[in-house]
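Please describe what can be said about the local geometry of this protein, taking a few helices, loops and individual residues in turn.

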Amino acid sequence: MDAAAALARREMTGGPRDPGLVVAVDIGTTGVKAAAVDVDAVSHADAEREYPTESPHPGWVVQDPDMVVDAAAAVVREVSGAVTGSGHRVAAVAFSAAMHSLIALDADGAPITPSVTWADERARAQARRLRDSGDWLSLHRRTGTPVHPMSPLVKLLWFREEQPEVWGRAAHWVGIKEYVVHRLTGQLMVDESTASATGLYGLAARDWDDEALALAGVRREQLPNLCPPTQIVAGLGEGVTAWGLPVGTPVVVGASDGVLANLGVGAVASGVAACSIGTSGAIRGVVPEPQVDDRGRVFCYLLVPGRWVVGGATNNGGNMLRWLGRVVGAELADPDTELTRLAATVPPGAEGLLMLPYLAGERAPRWSGDPYGALLGLSQRHGRAHVVRAALEGVCLQLALVLEAMRASGLELTELRATGGFARSVFWRQLLADVLGTAVGFPANEQGSAVGAALLGHVALGHLQSVDEAAALVRVAEVVHPNPDRAELYRALLPSFAAVAEAVETVPTWR
């Protein structure tokens, strides 16, 4: 259903012609975005704020949760002011956030730890111990969340073992979205989508998993109350002024950024997959019932009942360009643009140079958390352009391994849509299509998770009847087709890339 058809349906059914805009708040790894989106999936205003990520110890990746709250309030205030000034009405605010964060709160709801992000690797020993025990696969199958340092369950084990004083003081354990919503509404709620990515939620029962809670050592009352992603948590009270929203504005709890990216690019039907490359990367398909493959290579998270997102995430995406900018492009005025132009001057395959892009460890499809990055095949003929091309090829080859694992797990994927900051680069768009060997559709709006959160908000308010109707509104602006010769080259290269990735995992390191 396109926008015109959706408008016609609303008129026929007596629905509001202009029900207002939903301001979506997408809390990301390096910053927060807000977008005011109408019921036809058109964005009318957007804003963005970055916030710092700190690493006080090797492997730790944390943020100040109150700084995230302030940034979220600032972008909502900016967007709300822009749209109300142009005559639009804000109908609700809805949330999206990066998965797997963890914050300890005291009895008054104040944070006693930073926000420990998905990229934090401090719990590597706990993850390895669980995997060595042999129990990891049954845990993964029950909860849909891989046993990996990213998992909040594994992080909880670290806090219990390494910081018993924090463990003893913690009245609640939440993620960053739950904390932001708590600051906004006073409610401690977690949507089932975000909960399904904690390692503590049972897919079959759609409830906290008793075995997982016992393993982590947490009690149900220490976790936020479960609710559906379309839950309207509260209406804003008069005391909430920093957000610039009208009193009584409904707050929709929303979901995690990964599953909302599928909705935001219109990929919620069987056979349609979404690929996103921001700081990290992921490929995700949708199935009607929860499923995890026998080898535990894919995750499974809830979007809404009847729509489960199956796929794999990688640790390395846009962070690769930032690293390249520091290492080989410090003198460039616009490293992101100029480095991708430089990469385009080198033939596919980077003249034999192969890079494992594991700057921040890795996740899917092996979920070990241990690998380091590596450059292989270096020779005197290789220069800066070769390194850049090999690095970006490595990011896409890792995503090709994820796609291969998804297909091996039984997903039939016939269409791929992509979103994320990488889509601004014509070179990177084409590279992704070539390496994956499939046509890739790019929606008109690259803010997939924010658009998905806004559309979910419209579903929660009754402006749209379902996520399927919402997804049908998303317009694909461009389809990039793979170059057959390049696709064949990368298809031949993928087994070698996979074999090398497995081999370097056993190389002794300082970790």
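## An enclosed helix

A residue counts as buried when its relative accessible area is under 20%. The model described here is a predicted one, and in it nine of the ten residues of helix H7, which covers residues 176–185, are buried, so that this helix is largely enclosed by the rest of the structure. The buried residues of H7 are Ile176, Lys177, Glu178, Tyr179, Val180, Val181, His182, Leu184 and Thr185, a list that holds the charged residues Lys177 and Glu178. After H7 comes Gly186, which has a positive phi, near 85 degrees.

## Gln163 between two helices

Gln163 lies in the loop between helix H5 (152–162) and helix H6 (164–169), and because its relative accessible area is 18%, under the 20% limit, Gln163 counts as buried. Apart from neighbours within four places in sequence, Gln163 is in contact with Trp60 and Trp158. From Gln163 to Gly28 the C-alpha to C-alpha distance is 27 Å, and the two residues are 135 residues apart in sequence.

## Two helix pairs

Helix H14 (residues 426–436) and helix H17 (residues 484–504) have axes that come within 7 Å of each other and cross at roughly 60 degrees. Because an angle of 65 to 115 degrees would be needed for roughly perpendicular, H14 is classed as oblique to H17. The crossing of H14 and H17 is right-handed. On the H14 side the contact is made by Gln430, Leu431, Asp434 and Val435, and on the H17 side by Arg486, Ala487 and Tyr490; by class, the residues of this contact are four nonpolar, one polar and two charged.

Helix H10 (residues 257–264) and helix H15 (residues 448–460) pack with their axes 7 Å apart, at an angle of about 80 degrees, and H10 and H15 are therefore roughly perpendicular to each other. H10 contributes Asp257, Leu260, Ala261, Leu263 and Gly264 to the contact, while H15 contributes Gly448, Ser449, Val451, Gly452, Ala453, Leu455 and Leu456. The contact of H10 with H15 is made up of seven nonpolar, four polar and one charged residues.

A polar atom of the Arg429 side chain lies 2.5 Å from the backbone oxygen of Ala423.

## Backbone features in loops

Most residues other than glycine have a negative phi, and most peptide bonds are trans. Against that background, which residues have a positive phi although they are not glycine? One is His100, with phi near 75 degrees, in the loop between strand E5 (90–97) and strand E6 (103–105); its relative accessible area is 6%, so His100 is buried. Another is Arg206, with phi of about 50 degrees, in the loop between strand E10 (201–202) and strand E11 (207–208); at 34% relative accessibility, Arg206 counts as partly exposed.

The peptide bond between Ala364 and Pro365 is cis, with omega about 0 degrees. Pro365 belongs to the loop between strand E19 (354–356) and strand E20 (374–376).

Conventions. Residues are numbered from 1 along each chain as its sequence is written. This is a predicted model: local features need pLDDT of at least 70, side-chain atom pairs count only at pLDDT 80 or more; totals for chains, interfaces and linings use all residues. Side-chain values use heavy atoms; hydrogens and water are left out. Buried means under 20% relative accessible area, exposed over 50%, partly exposed in between (1.4 Å probe, protein chains only). Helices (H or I, at least four residues) and strands (E, at least two) are DSSP runs, numbered from the N terminus. Contact means heavy atoms within 4.5 Å. Axes are lines fitted to C-alpha atoms, for helices over the stretch in contact, and angles run from 0 to 180 degrees between N-to-C directions. Angles under 35 degrees count as roughly parallel, over 145 as roughly antiparallel, 65 to 115 as roughly perpendicular and the rest as oblique. A crossing is left-handed if the near helix is turned anticlockwise from the far one by less than a right angle, and right-handed if clockwise. A polar contact is a pair of N or O atoms within 3.5 Å; within protein, one must be able to donate a hydrogen and the other to accept it, and residues adjacent in sequence count only if both atoms are side-chain atoms.
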